[in-house]
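Colleague: I have a model open and would like to learn how to read its features. Could you take me through them one by one?

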Amino acid sequence: MTAHYEVRGDVAVITLDNPPVNGLGTWVALAAGVNRAEDDPAVRAIVVTGAGKAFSGGADIKEFGSPKATSEPNLLSLIAQIEACSKLTVAAARA
């Protein structure tokens with residue numbers, strides 16, 4: 001999965017970009033974006049969104065039963081990272 005990172009004012013925007021439906025592959029790019037925002041004192045909040053027409057179509061079934069499914073960071077560790085983040089973090093789908 002690719003995730004683009006940009007700062008708009010005091011908000012970090014992390015955009016999932018994995019066409020055609022932003023399937024959730026490895027979590028490395030998203031975790032890196034959250035870390036980057038957490039480390040930036042100018043950032044007060046984080047918005048996670050999806051490129052194109054979809055926020056995310058779900059997990060990438062090609063990874064089921066493969067080593068990628070349990071490699072770090074995984075979904076559980078990413079959720080823990082976001083919950084522990086000192087910045088307000090929201091997910092937002094495009095209308």
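Modeller: Let us begin with a definition: a salt bridge is a side-chain nitrogen of Lys or Arg within 4 Å of a carboxyl oxygen of Asp or Glu. Please keep in mind that this is a predicted model, where local features need pLDDT of at least 70, side-chain atom pairs count only at pLDDT 80 or more, and totals for chains, interfaces and linings use all residues. Residues are numbered from 1 along each chain as its sequence is written, and side-chain values use heavy atoms, with hydrogens and water left out.

Colleague: How many salt bridges does that rule give?

Modeller: The general idea is that side chains of opposite charge can pair when their charged atoms come close. Here the count is 2 salt bridges. Arg44 and Asp10 form one of them, at 3.8 Å from N to O. Arg44 sits in the loop between helix H1 (28–39) and strand S3 (45–50), and Asp10 in the loop between strands S1 (2–8) and S2 (11–17), so the pair ties together parts 34 residues apart in sequence. Helices (H or I, at least four residues) and strands (E, at least two) are DSSP runs, numbered from the N terminus. Arg8 and Glu6 also meet in a salt bridge, at 3.0 Å from N to O.

Colleague: Is Arg44 buried or exposed?

Modeller: Buried means under 20% relative accessible area, exposed over 50%, and partly exposed in between (1.4 Å probe, protein chains only). Arg44 is exposed at 62%, while Asp10 is partly exposed at 31%. Glu6 is partly exposed too, at 36%.

Colleague: What is the strand order in the sheet?

Modeller: Two strands pair if DSSP finds at least two bridges between them. The open sheet has 4 strands in the order S1-S2-S3-S4, with mixed pairing. S1 and S4 (88–91) stand at the edges with a single partner strand each, so one side of each has no neighbour in the sheet. S1 and S2 run antiparallel, joined by 7 bridges, and Arg8 stands opposite Val11 in S2.
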